[in-house]
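Okay, thanks everyone, let's get going.

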Amino acid sequence: MSRFVFLVLLVLVSAGMAEAQGLPALELSQTEGGTTYSLSLQILVLMTALTVLPSLVLGMSAFTRIIIVLSILRQALGTQQTPPNQVLIALALFLSFFVMQPTLTELYDGTVEPYLQGRLEADTALAQGGAVMKGWLVGNTRQNDLAMFAEMSQTGPFAGPEDVPFAVLLPAFMTSELKTAFQIGFLLFLPFLVIDMVIASILMALGMMMLSPMLVSLPFKLLLFVLVDGWALTVGSLAATYGGV
């Protein structure tokens, strides 16, 4: 968030310098209603904002936990590149939208739409939108991780979620997501590990040392995963780990 603000400020400073030099592409017009930016400047700000969009998706959504769990699941199945990375990323992205739909709806109805209609100033819209996102992030962050980063930054205690700065909240949320993802991945890995061990023991007892246990166990793991409706179970359990879904 601080990086985004810095980039926007940098663009505005560059626009001011361009105006002083008489460059019409980055023009600022003072009107009775406020400051109006030229179309070229608006496009420049939009392109600058798009550069930080991947970081926002990774650091302020459910994407991190979901993609890590799905990757561990694929490794546990032993299917190597099946499903391919593009499929896993698409599934994680759409599932993230599903998980965050209530928050995104609240954000749009309470902040984005009033701002587009001119009923909210930019500063007020940013403050309200930030408060909504902070509420969701704090609700899905482990308190010990949040306390650790607050202690490291020498901030707090905080009266509410809206008082937690993004500089403390985002690393705490990412750390919490990584821990939760690895815990879920461990539980997913166990049944497939048992199948691998059983198959390896049977092959050793039969004297089939040259036959790969991974190759023999793969059909059994796929059969087990299909019989228990593994994809629906995994995706549903992942969505249920977030509150408000």
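So, which residues in α8 meet which residues in α9? Before I answer, keep in mind that this is a predicted model. On the α8 side we have Asn-144, Asp-145, Leu-146, Phe-149 and Ala-150. Over in α9, their partners are Val-168, Leu-169, Pro-171, Ala-172, Thr-175, Ser-176 and Lys-179. Sort the residues of that contact by type and you get seven nonpolar, three polar and two charged.

Now the geometry. α8 covers residues 143-152 and α9 runs over residues 166-205. The two pack at an angle of about 145°, and their axes are 9 Å apart. As for handedness, the α8 and α9 crossing is right-handed.

Next stop, Ser-217, which sits in helix α10, residues 213-227. Buried or exposed? Ser-217 has 0% relative accessibility, so it counts as buried, the cut-off being under 20%. Leaving out residues up to four places away in sequence, Ser-217 touches Ile-195, Asp-196 and Ile-199.

Last one: Ile-89, in helix α5, residues 85-99. Ile-89 has a relative accessible area of 42%, so we call it partly exposed. What does Ile-89 touch, again not counting residues up to four places away in sequence? That would be Phe-63 and Ile-67. And one distance to go with it: Ile-89 and Leu-70 are 19 residues apart in sequence, while their C-alpha atoms are 9.1 Å apart in space.

That's my tour, happy to take questions.

Note on methods. Residues numbered from 1 in each chain as written. Predicted model: local features only at pLDDT ≥ 70, side-chain atom pairs only at ≥ 80, totals over all residues. Heavy atoms only, no water. Axes fitted to C-alpha atoms, helices over the stretch in contact; angles between N-to-C directions. Helix = DSSP H or I, 4+ residues; strand = E, 2+ residues; numbered from the N terminus. Left-handed = near helix turned anticlockwise from the far one by under 90°. Contact = heavy atoms within 4.5 Å. Nonpolar A, V, L, I, M, F, W, Y, C, P; charged D, E, K, R; others polar. Buried < 20%, exposed > 50% of the residue type's maximum accessible area, 1.4 Å probe, protein only.
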